[in-house]
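Student: I have a sequence and a model open. Show me how to read them, one feature at a time.

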Amino acid sequence: MNLRIGHGYDIHRTCPGRPLVLGGVTFVADFGLDGHSDADALTHALCDALLGAAGLPDIGHFFPNTDPAYKNADSQILLQRVIAALRERGWAPVNVDATLIAEKPKIAPRLAEMKAALAKSTGLPVDAIGLKATTNEGSDDIGRGLAIAAHAVALIRKI
Ligand SMILES: Nc1ccn([C@@H]2O[C@H](COP(=O)(O)O)[C@@H](O)[C@H]2O)c(=O)n1
Ligand SMILES: C[C@@]1(CO)OP(=O)(O)OP(=O)(O)OC[C@H]1O
């Protein structure tokens with residue numbers, strides 16, 4: 001089999017006093033996301049989708065949240081390392097697709113920047129990066145602005 005599919009999901013709580021980083025882009029917002037790294041939930045979901053496709057353990061296995069090396073880590077670096085781990089095992093990404101669930105801020109105006117950042121980190125062309133945003137229609141903690149979540153899928157091919 002030369003093609004594999006993977007799925008990833010991540011959620012981080014919002015908090016004051018931290019930058020809001022999503023898909024490698026920093027948003028102007030009065031809140032950020034809580035986490036050990038930069039807490040970029042979208043990029044973490046993408047990492048897990050890619051790792052899952054290759055049958056590898058999840059992001060926390062490769063970059064433990066107990067390791068000071070990853071304190072405030074740039075998740076684009078983690079994504080680059082995930083791509084390298086796949087390549088070492090003979091896999092390359094074909095395309096990825098993700099959905100960000102956030103009540104605010106408005107993501108759509110910055111989607112192109114986010115796709116460009118993720119294309120750079122994955123080595124994929126921009127048109128192989130799918131990215132959408134939706135609110136949670138006011139329901140549960142995401143709807144109340146207390147958290148931001150992301151779902152992602154990735155297709156990989158044997159090199
Ligand atoms: N944080 C968000 C959420 C949504 N969008 C855009 O708005 C459209 C409508 O959102 P619904 O939750 O009502 O589906 C959605 O299709 C996105 O284009 C956004 O930019 N940022
Ligand atoms: C990214 C890592 C890095 O330590 O930490 P967090 O920013 O806490 O993110 P999470 O998705 O909860 O866990 C994965 C960890 O690998």
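Student: How many residues does the largest nonpolar core have, and which have the most contacts inside it?

Tutor: A nonpolar core is a set of buried Ala, Val, Leu, Ile, Met, Phe, Trp, Tyr and Cys residues joined through C-beta atoms within 7 Å. Buried means 20 or more other C-beta atoms within 10 Å of the residue's own; 12 or fewer is exposed, in between is partly exposed, and C-beta atoms are placed from the backbone. Here the largest such core has 44 residues. L46, A49, L50, A98, L100, A152 and A154 have the most contacts inside it.

Student: Which elements each supply at least two residues of this core?

Tutor: Elements are DSSP runs, numbered from the N terminus: helices are H or I with at least four residues, strands are E with at least two. Those supplying at least two core residues each include helix 1 (41-53), helix 3 (75-88), strand 5 (91-101) and strand 7 (147-158). Helix 1 gives the largest share, 9 residues.

Student: What is A154 in contact with?

Tutor: Contact means that two C-beta atoms, placed from the backbone, lie within 7 Å. Leave aside neighbours within four places in sequence, and A154 contacts G6, L46, A49, L50, A53, P93 and V96.

Student: What should I know about the model and its labels?

Tutor: It is a predicted model: local features need pLDDT of at least 70, side-chain atom pairs count only at pLDDT 80 or more, and totals for chains, interfaces and linings use all residues. Residues are numbered from 1 along each chain as its sequence is written, while chains are lettered from A and ligands numbered from 1 in the order in which they are written.

Student: Which residues does UniProt list for "binding site"?

Tutor: UniProt positions use the numbering here, feature names are shortened, and annotations may be inferred rather than shown by experiment. The unreviewed UniProt entry lists D10, H12 and H44. They span 35 residues in sequence, but no two of their C-alpha atoms are more than 10.2 Å apart, so they gather at one spot.

Student: Is D10 buried or exposed?

Tutor: D10 counts as buried, with 24 C-beta neighbours inside 10 Å. D10 sits in strand 1 (residues 3-15). Beyond four places in sequence, its contacts include H44, A41 and D48.

Student: Where does H12 lie?

Tutor: H12 is in strand 1 too. H12 is buried, with 23 other C-beta atoms within 10 Å. Among the residues H12 touches, not counting those up to four places away, are D34, G35 and A147.
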